[in-house]
Amino acid sequence: MAAVKIDFAAHVKDGLNVFTSNLVPSLIALVLLCVPILGIFVVINYMGAIKAFKENGTAIDVGALLKFDNAVNHLIGVIVWGVVLSIGMALCMLPGLVFACLTYMFIPILADKPDTPWADALKTARARGRGTGSRAGADGALNAVAWPGCTDRRLKSSNSETPGSRVQS
């Protein structure tokens with residue numbers, strides 16, 4: 001199997017380009033991220049706005065950050081994900097770390113496909129996490145560092161997958 005090369009510099013440069021091109025909404029999103037509950041929606045909406053910016057050059061506006069379409073679905077999904085992660089972390093951390101590595105794409109999937117029910121998004125995220133094997137942790141770290149610069153191909157590949165479409169080995 002050939003080694004996978006990830007160009008971190010290009011991803012970080014692309015992420016900074018998105019950030020600086022939309023400086024005011026990005027800074028507002030950063031501040032609103034600290035507000036309990038509202039921060040969940042801001043993150044999901046900000047990721048969706050980044051996707052729109054990268055696809056067709058639509059500038060991110062502040063109103064796009066405060067959309068509450070599908071709010072109940074997103075809130076329930078994030079709460080369930082957080083509770084399961086917390087329980088896993090309370091059980092000597094290892095189960096929580098495994099769960100986090102298997103479902104690291106949950107929030108980006110909600111942002112990419114906002115009408116997806118949270119349970120389906122969680123199943124798709126788990127399938128993505130299991131499909132990337134040992135790269136799951138590395139990809140999760142890359143997404144945390146430079147999400148705007150590196151998700152195009154990952155989210156496009158997850159669009160073609162449905163929760164049960166992968167063959168489990």
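The lining of the second largest pocket in this predicted model divides by class into five nonpolar, four polar and four charged residues. The pocket holds about 230 Å³ of space. Asn-45, Gly-48, Lys-67, Ala-111 and Pro-114 are the closest to its centre among the 13 residues that line it. Helix 3, which spans residues 38-56, and helix 7 each contribute at least two residues to this lining. Helix 3 provides the largest share, namely five residues.

A pair of aromatic rings is described by the distance of the centres and the angle of the planes. Three aromatic pairs are counted in total. In one of them, Trp-81 and Phe-99 are tilted, with 6.4 Å from centre to centre and 40 degrees between the planes. Trp-81 belongs to helix 5 (residues 71-90) and Phe-99 to helix 6 (residues 94-102), so this pair ties together parts that are 18 residues apart in sequence. Phe-99 has a relative accessibility of 18% and therefore counts as buried, the limit being under 20%.

Trp-81 forms a further pair with Phe-106, and here the rings are stacked, at 6.3 Å centre to centre and 15 degrees between the planes. Phe-106 counts as buried, with 1% relative accessibility. Trp-81, Phe-99 and Phe-106 together make up one aromatic cluster.

Technical notes:
Residues numbered from 1 in each chain as written. Predicted model: local features only at pLDDT ≥ 70, side-chain atom pairs only at ≥ 80, totals over all residues. Heavy atoms only, no water. Phe/Tyr/Trp six-rings, centres within 6.5 Å; stacked < 30°, edge-to-face > 60°. Helix = DSSP H or I, 4+ residues; strand = E, 2+ residues; numbered from the N terminus. Buried < 20%, exposed > 50% of the residue type's maximum accessible area, 1.4 Å probe, protein only. 1 Å grid on protein atoms, 1.4 Å probe; cavity = no way out; pocket = protein on both sides within 12 Å on 5 of 7 lines; lining within 4 Å. Points joined across faces, edges and corners; volume = space filled by probe spheres on them. Nonpolar A, V, L, I, M, F, W, Y, C, P; charged D, E, K, R; others polar.
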